[in-house]
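User: I've got this model open and want to go through how some of its pieces pack. Can you take my questions one at a time?
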Amino acid sequence: MNSAVIAEFCEGIDRFARKKINARAIDRAHAIPSGVLSGLAELGVFGASIPEEFGGAGLDLADACAVVTTLARHDRSVATTVGLHLGLGRRGLVAYGSAALKERWLPAIAAGECLAAFATTEAGAGSDLAAIRTRGVEVAETAETPALQVDGEKIFVTNGGFAKVYTITASTPGLGGARRGHSLLLLSPNDGGVTVGPEEEKLGLRGSSTTTLHFDGTRVPMDRVIGVAGEGMSQLQHVLAWGRTVMAAGCIGSASAAFAAAKGHVATRVQFGRTLDAFEVVREQVADMAATLYAMEALVGSATSGDRLLAQSIAAKVFCSEANWEIVDTALQLHGGSGYIEETGLALLLRDARVTRIFEGANDVLRVHLGMIEVAPAASRQPLSALGPLGRAADDFAMRVAALRDDLVARHGVRIAREQRLLHRVGQLVVLREATDAVVARAHADGTLAARWLALAKARSLSLLAEPNQSTRVVTGAAPVAHPEGVHA
C-alpha cells in the first residue's frame, strides 16, 4: 500500500480511537469493550495484513507496524490485541499455510469474525523453545485419514480468551521424517480436548486477554500442519521476527504518547517562577527523549524495509522495549507527583510498558542470541561514510564493535558460544549499532536528532567497548566515534 493510502487508513483509525477508546476505562474493566473490537473490524483493521484475495487489505509488515503504532498511542491493550492478531497470530498461516487452510480460515480472520492467537510459551519453555513439551503424535482416525493427537499446555497466550484460531508450536517426533522435529499446528477452541483457562491478573495490559490453553487428547486432521512438517522451528523464526517487529512498533506508539504528554507538561508547568522547559536540565531530558524516539522509529523502519529481518527484528524489539520504558519513566518523572497519579495516564503507560522487555523473547536472552549471530560468519555491513559526517561517525562506531568482536573470537575461538556474558555484551553493542545505522540512514529527516542520538549511543557504548578484562580502557584499533563536524546535539 502506498504511503498516502496507509496514512489515510491510519488517520481513520486515529479518529475512531479518539472517540471510542478510553484507556483508563479499559484498564479498570480488565477488558476491551466489544464495540471497540467490532468497530475496528468494520474499519478493516483485523484484515490489514491478510492478502487481498482472502478479503484483507494486503498490507506489508511496515504498514501493519503503522497500524499498531497508531493504536498504541491511545491504548496498549488494544494495540497488543490487534498486533498479536496481525503479527504472530496469523503470520504462520499466511506465510506457510496450504491453499486449503488459507481458504478455510483467512476470510473470517480478515473480517474480524475469527481473532487469532499464537501459543508457544510453556511453564518449562519460555525463551528456551527447544524445551517445548507439547506433543503432536500421529494417529489413525481411519486407515485413510491420519490425524495428530495433541497433548500439552501453553501459558501466557495473548488473545487466548476469545480467539477462534490458534497457531501453536508442538514437538512432532517422526513427523515429516524429523526424529526430533517441531511443527506449527492450527487449532480451534472447538476442537475436542481444548480447554481455555481463566484470565490472568496482570501488572499491565489488563484489557488484553491472557490465558492458558490445555490440550488433552486433542485430535486434529493432518492438514492442520502449517507448512512443512518437522520444520516448525525454522518457520517459527520468521513468525517471531514479524511479531517482534510489530511489538516494537507498539512501543513507538506508547513512547510517542508519553513524549507528547511530557512536552505539553514542561511547557505549561511553572516552578520557581519559570516553566519547566526554561530549565537546562529539563531541556536536555526532553531532547534525549526526542532523539531516542527518533531512533526507535528509524530502527523499526529499517527492519521492515531491509533483508535482515531476523537480526534487525531482535535489535528493534530489545531497543524499542527498553527505550519505551525509558521515555515513559522520564515523562512520569517530569510530571513530578502528578505523574504517579492514574489520572495523567502515565502510570498506566508505565505498567503497560514493562512486559515488552519480557514477552516475545526476554531481552537478555535475545542479546545473547544477537551476539551469536554477530560472531558467526555473516554478510558484511555496508559503509555509510558517503552520507557525510554522521555516516563517518556511524562507521567509526561499527569499526569499534567489529574490533571487539574479532578480538573476542580470536581469544575464545569456537568456545565463544559458551561465553554468555561476552555474547550478551556483543549483542547489546549490536543493538546500539543497528539503531545508529538506522538513524544515520534516516538523518535526512532531522540531522539534529540524528546527531544527538549518536552522542547518546557513544555514551552508552563506552563501558561495553572496554577490553574484556579492563573496565575503563576502551578497545583500540579503530577511531573513536567523533561528534560529526558542523552538527550540534
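User: How many bridges join strand S2 to strand S3?

Analyst: A quick note to start: this is a predicted model, where local features need pLDDT of at least 70, side-chain atom pairs count only at pLDDT 80 or more, and totals for chains, interfaces and linings use all residues. Residues are numbered from 1 along each chain as its sequence is written, and side-chain values use heavy atoms, with hydrogens and water left out. Strands (E, at least two residues) and helices (H or I, at least four) are DSSP runs numbered from the N terminus, and two strands pair if DSSP finds at least two bridges between them. S2 (residues 135-140) and S3 (residues 146-158) run antiparallel, and the bridge count is six.

User: Which backbone oxygen does the side chain of Lys202 reach?

Analyst: Lys202 sits in the loop between strand S6 (194-196) and strand S7 (210-221). Leaving aside residues up to four places away in sequence, Lys202 touches Ser208, Ser209 and Thr210, where contact means heavy atoms within 4.5 Å. At 2.8 Å, the side chain reaches the backbone oxygen of Ser208.

User: How are H12 and H13 oriented, roughly parallel or roughly antiparallel?

Analyst: The axes (lines fitted to C-alpha atoms, for helices over the stretch in contact, with angles from 0 to 180 degrees between N-to-C directions) of H12 (residues 389-412) and H13 (residues 420-441) come within 10 Å and cross at roughly 160°. Angles under 35 degrees count as roughly parallel, over 145 as roughly antiparallel, 65 to 115 as roughly perpendicular and the rest as oblique. That makes the pair roughly antiparallel.

User: How many nonpolar residues are in the contact of H12 with H13?

Analyst: The contact includes Leu390, Phe397 and Leu404 of H12 and Leu422, Leu429 and Val440 of H13. Ala, Val, Leu, Ile, Met, Phe, Trp, Tyr, Cys and Pro count as nonpolar, Asp, Glu, Lys and Arg as charged, and the others, Gly among them, as polar. Three residues are polar and three charged, while the nonpolar ones number twelve.

User: What is the handedness of the crossing of H5 and H7?

Analyst: The axes of H5 (residues 76-96) and H7 (residues 232-268) come within 9 Å and cross at roughly 160°. A crossing is left-handed if the near helix is turned anticlockwise from the far one by less than a right angle, and right-handed if clockwise. For H5 and H7 the crossing is right-handed.

Conventions
A polar contact is a pair of N or O atoms within 3.5 Å; within protein, one must be able to donate a hydrogen and the other to accept it, and residues adjacent in sequence count only if both atoms are side-chain atoms.
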